[in-house]
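Here is a short briefing to read with the model open beside you.

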Amino acid sequence: MKNIYDEKEIKESLNYFELARKNYNYYFDSNNFFIKCSDCKTLSFYFKDLNLYSLLGISNKELLKELYSYDDTSDLKELEEIHHRKALYNLIKEEKINFRSYSFNHKASALNDIRGFTIDNLVGVIEFSKPIFHLTGGDLNFTNDFYLLMLDRNQNLFLLGLDKTQNKNNNKENKIGLESHILCRLKATITSFNFNEMFNNQKVSFVTSVSCKNSLGEIYETNMHPDVLDKNKNRLKQMADFFGMHYDTSNYCSYLQTERNISNAKIKELEKEKQELIKENEELKTVIEHSKTKVKKLFKSIIE
């Protein structure tokens, strides 16, 4: 059977992949990200070897089989570094992976636009309800527990899907006070979808800060600028109103109330200090006036 992909199409897609892989290794590989949301949740996830392939919709199982055919004694990371392009080419030609150039290229292009999770490309987070999705008639074979709402360089919206990790050490959310820390795995990139099916009646929150922990254990935190927060809040408010979404800002509102209470307490304290200073000033005036009177009497007695 003749292959349905021509050489030009495969080469173009592999070039997209090369760039996506380069950016992936630089911005994501071995990094742990923490996305703090306005609904008290913090999503934690990290990128591992070969994670990029699943994001692009490529079967890791078939790729691993192809890679190990080169040298089964080599380290997987080394195999992936040296032979990834040839392995992908072979799998596409032999139609052993579910490869569609248009979808693959769009996913690779979207990922190429990301330079980490920054205030420029991360808008919000959907906590996804699969039962609600199916009630809208959605027909995706696989859905995820959360979706990051991302913007590419042309301000086009795409989704990064995350699933809660299920293992012995993480079968429940780690709750600290009102906040929940949820460990996740990044599973999919979605660049083409039905907005109404994906958003209708779903819960959405906006991002308040992003932290990155690198392989050396160094942590970098980016707090959203107030102007960016306002812009994202307005974007999500309009989206929520249009699609009937539940817009959860409980944690952020609680934070603002706490900040307001602290500010009010500081204002009261400053007002108290002001009144005390005024009182001290009045007492000092009285002392000065009394001293002036004494000086005048003394001066008068000396003259007489």
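Two residues count as touching when they have heavy atoms within 4.5 Å of each other. With that in hand, Phe 45 touches Asn 31, Asn 32, Phe 33, Ile 35, Phe 117, Leu 148, Leu 162, Cys 184 and Leu 186, leaving aside residues up to four places away in sequence. Please keep in mind that this is a predicted model.

**The chain as a whole**
- The chain holds 9 helices and 10 strands.
- Of its 304 residues, 41% count as buried.
- Among contacts in the chain with a separation of 6 or more, 67% are between residues 24 or more positions apart.

**The nonpolar core**
- The largest nonpolar core has 70 residues, and Phe 45 is one of those that touch the most other members.
- As background, nonpolar side chains tend to be buried together in soluble globular proteins.

**The largest pocket**
- The largest pocket has a volume of about 920 Å³.
- Its lining takes in helix 2 (51–55), helix 5 (101–112) and strand 7 (179–190), the elements that each give two or more residues.
- There are 28 lining residues, and Gly 57, Asn 98, Lys 107, Phe 142 and Ala 188 lie nearest the centre of the pocket.
- By type, the lining divides into 11 nonpolar, 13 polar and 4 charged residues.
- Which element gives the most to this lining? Helix 5 does, with 5 residues.

**Helix 5 and Ser 101**
- Helix 5 has 12 residues and reaches 16 Å from its first C-alpha to its last, close to the 16 Å expected.
- Buried residues in helix 5 include Phe 104, Lys 107, Ala 108 and Leu 111.
- Ser 101 also sits in helix 5, and it counts as buried because its relative accessibility of 8% is under the 20% cut-off.
- Ser 101 touches Glu 9 and Ser 13, not counting residues up to four places away in sequence.
- Ser 101 and Leu 14 are 87 residues apart in sequence, yet 9.7 Å apart in space, C-alpha to C-alpha.

**Asp 248**
- Look for Asp 248 in the loop between strand 10 (246–247) and helix 9 (250–303).
- Is Asp 248 buried or exposed? Asp 248 is buried, since its relative accessible area is 12%, under the 20% limit.
- Beyond residues up to four places away in sequence, Asp 248 touches Ser 38, Asp 39, Lys 203, Val 204 and Ser 205.

Conventions:
Residues are numbered from 1 along each chain as its sequence is written. This is a predicted model: local features need pLDDT of at least 70, side-chain atom pairs count only at pLDDT 80 or more; totals for chains, interfaces and linings use all residues. Side-chain values use heavy atoms; hydrogens and water are left out. A nonpolar core is a set of buried Ala, Val, Leu, Ile, Met, Phe, Trp, Tyr and Cys residues joined through side-chain atoms within 4.5 Å. Buried means under 20% relative accessible area, exposed over 50%, partly exposed in between (1.4 Å probe, protein chains only). Helices (H or I, at least four residues) and strands (E, at least two) are DSSP runs, numbered from the N terminus. On a 1 Å grid over the protein atoms alone, a cavity is a set of points where a 1.4 Å probe fits but cannot get out, and a pocket is an open set with protein on both sides within 12 Å along at least five of seven lines; lining residues have an atom within 4 Å of a point. Grid points are joined across faces, edges and corners, and a volume is the space filled by probe spheres set on the points. Ala, Val, Leu, Ile, Met, Phe, Trp, Tyr, Cys and Pro count as nonpolar, Asp, Glu, Lys and Arg as charged, and the others, Gly among them, as polar. The expected span of a helix is 1.5 Å times one less than its number of residues.
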